[in-house]
Amino acid sequence: MAKTIQAIRGMNDILPDQSPAWQYVEGVLREVAAAYTYQEIRMPMLESTDLFKRSIGEVTDIVEKEMYTFDDRNGDSLTLRPEGTASCVRAGNEHGLLYNQIQRLWYMGPMFRHERPQKGRYRQFHQFGVEAFGMEGPDSDAEVILLSARLWQAFGISEQVELQLNSLASNEARARYRDALREFLRAHESELDEDSKRRLDTNVLRVLDSKSPETQAVLANAPKLSEYWDDASREHFEGLCKRLDAAGVKYVLNERLVRGLDYYNRTVFEWVTTELGAQGTVCAGGRYDGLVEQLGGKATPAVGFAMGIERLVLLLASQNKIPAHNAVDVYAIALTEAAELNAPAVAEKLRSQSQGLKVQLHCGQQNMKKKLARADKSGAEFALIIRDNDFELKHLRDREQEDVIASSLDAVVAHLTQNS
Ligand code: ATP
Ligand code: MG
């Protein structure tokens, strides 16, 4: 036998028994986005490498270590998108969607990062994201956060997620804080983990989310970002908190929350769960008022988030919140040779007459016992036996119920409707 070829490590197939869960999740995401009047945008999966370098930042985990980058046949450096915001801004600028306009957009699709695969962390994963452009006030931060909160409600997992909030303040305030933090950490350099030592020069804010207990101990006495907030950012943050309070959305202030991408300013937030082990962040976002201009557009305020769909599906499964799904409602079987010729036509009529009814028609010549065994295995509620002059409906799940003989397809449909 020929050697089988396997998928790339960390890139998963979503198999037929998993796809109903994904379709359910995607359906809810679409519906909730529509309820907030967000419109879908679909971007290509491949972009110029420069786009991500210029937006996410050269000294971030993503750009330094995680991107799938290659030269195409023309010698252009291309990258499989590691996230959606940069592409969304690129598309918005390119098509004039952002210039002096308000846009409420969402996207969904695969992202690619070369990370160590583990539960909740893959090399191809999927994100649902929303981006709101052209609104600078905390009301739009509140809007995207409330949208995410409504998603947890719709999925029935509000109790399993916690909203963490912080403000990265203005670029100037953050720069002053960066200097102060660096100076403080230099005095404790020998106590820091290796990664954090390296980050002192390149990206000192990332030291704040180091997992090392020694580094965390040092940070306990470090200067706090909120001590450096500028007045306008403080007011913005308080404006957001007041709106969340009024809407009844709970949150905790996490002064160490800085996010791994360079483009954020002011509000940053994450929705975190304790149900998924180390990969506990299901949704993350914030404000990125500088990015549109940085990518060549007119200065445009913006705020958004991205949600990891794999982590969301894992979380829903862990809470038994994925609705039961039947792939087959009715399994149709012909009793005689004459009936078999008529069976495809009967199945067609049945599908036409009952919108949404899932009808599987038995294919192949087998004896009745085998056909009924297939019907049972299909998971269908009913077997429909097509006979020469009438129909027999068998209840496959509830065996107590008597089989029904129906003289017409209308009578079959009527019975199915009664029992659904
Ligand atoms: P983490 O700290 O877990 O690496 P991140 O800060 O790199 O996450 P973002 O770039 O903010 O993640 O992406 C937003 C969301 O996308 C994350 O909160 C997570 O739910 C999901 N996500 C990110 N990377 C992966 C991955 N490799 N596999 C699965 N989901 C991911
Ligand atoms: Mg990451």
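This is a predicted model: local features need pLDDT of at least 70, side-chain atom pairs count only at pLDDT 80 or more; totals for chains, interfaces and linings use all residues.
Which residue does E194 form a salt bridge with?

Residues are numbered from 1 along each chain as its sequence is written, chains are lettered from A and ligands numbered from 1 in the order in which they are written, and side-chain values use heavy atoms, with hydrogens and water left out.

Okay, back to E194. Its partner is K197, and the closest N and O atoms are 3.2 Å apart. By salt bridge I mean a side-chain nitrogen of Lys or Arg within 4 Å of a carboxyl oxygen of Asp or Glu. The general idea is simple: side chains of opposite charge can pair when their charged atoms come close. Both E194 and K197 sit in helix 7 (residues 194-202), three residues apart, which is about one turn of the helix. Helices here are DSSP runs of H or I with at least four residues, strands are runs of E with at least two, and both are numbered from the N terminus.

How exposed are these two? E194 counts as exposed because its relative accessible area is 59%, and K197 is partly exposed, at 26%. The cut-offs: buried is under 20% relative accessible area, exposed is over 50%, and partly exposed is in between, using a 1.4 Å probe and protein chains only.

Let me pick out a couple more. E47 pairs with R90, and there the closest N and O atoms are 2.8 Å apart. That pair links distant parts of the chain: E47 belongs to strand 2 (residues 46-48) and R90 to helix 4 (residues 85-94), 43 residues apart. E47 has 8% relative accessibility, so it counts as buried.

Then there's D209 with R206, whose side chains meet in a salt bridge at 3.2 Å, N to O. D209 is partly exposed, with a relative accessible area of 28%, whereas R206 counts as buried because its relative accessibility is 14%. Elsewhere, salt bridges that share partners join R387, D390, E392, K394 and D403 into one network.

Let's zoom out to the domains. The chain is divided into domain 1 (18-169 + 229-319) and domain 2 (330-419), with bounds that come from an automatic or database domain assignment. Between the centres of those two domains, taken over C-alpha atoms, there are 48 Å.

UniProt, in an unreviewed entry, places the feature "domain: Aminoacyl-transfer RNA synthetases class-II family profile" at residues 1-344. One caution: UniProt positions are in the numbering used here, feature names are shortened, and annotations may be inferred rather than shown by experiment. In the model, residues 1-344 are 38% helix and 20% strand, and the end C-alpha atoms of the span lie 37 Å apart. The unreviewed UniProt entry also has a "binding site" feature, and G84 is one of its residues. You'll find G84 in the loop between strand 4 (77-80) and helix 4. With 0% relative accessibility, G84 counts as buried.

Now, helix packing. The axes of helix 5 (residues 138-155) and helix 9 (residues 231-247) come within 8 Å and cross at roughly 45°. That makes helix 5 oblique to helix 9. Axes are lines fitted to C-alpha atoms, for helices over the stretch in contact, and angles run from 0 to 180 degrees between N-to-C directions. Under 35 degrees is roughly parallel, over 145 roughly antiparallel, 65 to 115 roughly perpendicular, and the rest oblique.

For another pair, the axes of helix 1 (residues 19-35) and helix 11 come within 11 Å and cross at roughly 110°. That makes helix 1 roughly perpendicular to helix 11.

Last topic: backbone angles. Most residues other than glycine have a negative phi. Which residues go the other way? R266, in strand 9 (residues 265-272), has a positive phi near 50°. N320 has a positive phi too, near 55°, and is found in the loop between helix 11 (309-318) and strand 12 (330-334). N320 is exposed, with a relative accessible area of 72%. From N320 to G277 it's 43 residues in sequence and 17 Å in space, C-alpha to C-alpha.
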